[in-house]
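Trainee: Could you take me through one part of this model closely, and then through the contact between its chains?

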Amino acid sequence: MSDVHASLRSPLVTGDKTISDVTRDICAPMDRKPTALWWSAFGLSLTALIVGVAAVWYQIATGIGTWGLNKTVGWAFDITNFVFWVGIGHAGTLISAVLFLFRQKWRTAVNRSAEAMTLFAVMCAGIFPLIHMGRPWLAFWMMPYPNTRGPLWVNFKSPLLWDVFAISTYLAISAVFWYVGLLPDLATIRDRSEPGWRKRITSILCLGWNGSARTWLRYETVYLLLAGLATPLVFSVHTIVSMDFATAVIPGWHTTIFPPYFVAGAIFSGLAMVLTLMIIARKVMQLEDYITMTHIDRMCKLMMSMGCIVGLAYGTEFFMAFYSGNGYEQFVFKNRALGPFAWAYWTMVSCNVLIPQLLWSRKLRSTLPVVFVIVILVNVGMWFERFVIIVTSLHRDFLPSSWASYAPTSIEIATFVGSFGLFFTCFLIFCRIAPVIAIAEIKGAAHLKKRPPAESITEEKAA
Amino acid sequence: MSDRVLLATFEHEDDLLAATDAVRRSGFKIVDAFTPYAVHGLERAMGLRPSRLTWVCFLCGMIGVLGMLWFEHWSTSIDWKLDVGGKPWNSLPSDVPVAFEAAVLLAGFGSVFALLAVSRLFPGKQPQIINPRVTDDRFLLVIDEADAGFDTAAVRKMLQEFHALAVEEKITLPGGDLQ
């Protein structure tokens, strides 16, 4: 029956592979020595990370006066980066959990690396509010623990506290989801490795997985449960992030459209980052048979539809400003499009709304260099979206006497560069030490080649 | 369980599924099957009941949401009353987000730890690996020979109809391992 399905849809795995070919191909990059390309990418990322660590060290030692913030613009670069990184994480959960619930089998080629991307992106995101506290060594004050100050509990009515719970839950659940997904693959690596340190480490990490059908049944149940939990979780996380803004009375922030607008934007930016990583990974790690042009095509379509939702949200914001009859609201939006930060606004609109429209064309979707340029521009555009929302809403407030401008200092830029360093260093290490494609999942989802039984029996006897 | 089992190796999930179904229909007891990936329909062929881990998830989630709601209420309106912008102390809507996160956190961790506990998976466990290719491309079916009327030759013949690559007899050791 499986043969019938295979002929109706384009195959998930090309190149006429058997099940054991899949194991071999996906594990191959781990067996090879790293290439010169990998080393140069790793060197570059590590350098960026070191720059970031130095910058963070300096600003914690000196204080956040090293930033370009002022009394009017109290949030800028750091919160922009925070929202940018959290948003990127969301596509990973969309691919691993939401598409799992919708039974989209093509997700198996990209879910492992998208989940890894989520983990690393949320790590990068977490750093920014932590530094912004000024005294990050007191970060534990955000946890409601019995203390000697009363005990004075945390403020459960503040969206900033909701954010602490949302982001830490998201990080924890993403890590668990990723690890549970890795268990069968770690066992695969254990069984195919020669005795040595790799076999020892994977046999500890795979928790004694042996492929028993009873365990598989429970495992599938738990995987489904985790996907069902992660789906509302991912929506709640960015909803809460948007409430950091929407519950304030700042014109430009105080709108009910923020939660869906932020969630769509998050998934949009995350898909752009997944595509960026996948286009590089399939080439560098020779996984073209697994991450096929069909995968790229589907992710492009998904990204473009998200881009259209984001475009609709931009339009709705302007309409609501006009329709509210609120002078402050109207001023903020006029100022966004025509004020001193108009260049940032129009960069955002071109990168997020106009350029992705090119993806309507099948021909452009199947031209990798074009797709690559578009996804990079979407990454840039989505960073500017957060910058526009935060800075343009703040810099000209109710009193013209307190209007101010904002420009980032070198320290802020170095911290941002450092977060990219952390992200890519982690991702490159992940590509070396873990299977970048979920081996057990792709075997179950793809209809792989079957050898005639006689051939296998002969082989089994010879073994 | 008797001390003798029959071990059949297959190359394709379809063969394993059909063989499992046939073996169970013929009234033999299936000890377990080992597969490189989750074979859908195998639980039905083996006659396994759906997992009850969903209840663990539900219970943990309920503990999370109710526990956190109670804690938020107790800490902000009983233990140390905190006036935030003139809002009521026990303002339920603002308690929802954190209670939801607590539910997801406990339900997620609870069901994963329950999975590890019932499947006896833990770091450092040394499982018996009957065939190392089971995590690569082989499907194993383990049949109990408990029945007095177990006709090894007949079962062997039946399994070969489903393209079994190898059929061998093993002895179960007291710990459950095979020899």
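**A strand and an interface**

Mentor: Strand 2 of chain B, residues 30-34, is mostly covered, with four of its five residues buried, where buried means under 20% relative accessible area with a 1.4 Å probe and protein chains only; strands here are DSSP runs of E of at least two residues, and helices are runs of H or I of at least four, both numbered from the N terminus. This is a predicted model, in which local features need pLDDT of at least 70 and side-chain atom pairs count only at pLDDT 80 or more, while totals for chains, interfaces and linings use all residues. Residues are numbered from 1 along each chain as its sequence is written, chains are lettered from A in the order in which they are written, and side-chain values use heavy atoms, with hydrogens and water left out.

Strand 2 of chain B pairs in the antiparallel sense with strand 3 of chain B, residues 139-144, over four bridges, pairing being called when DSSP finds at least two bridges between two strands. Within this pair, A33(B) stands opposite L141(B) of strand 3.

Turning to the interface, 62 residues from chain A and 73 residues from chain B take part in the contact, which is defined by heavy atoms within 4.5 Å. Together, chain A and chain B bury about 5,900 Å², 68% of it on carbon and sulfur atoms; buried area is the accessible area (1.4 Å probe) lost on putting two parts together, summed over both. Helix 2 (19-31) and helix 8 (213-246) of chain A are among the helices that each supply at least two residues to the side of chain A that touches chain B, and helix 8 of chain A gives the most, with 17 residues.

Technical notes: Buried < 20%, exposed > 50% of the residue type's maximum accessible area, 1.4 Å probe, protein only.
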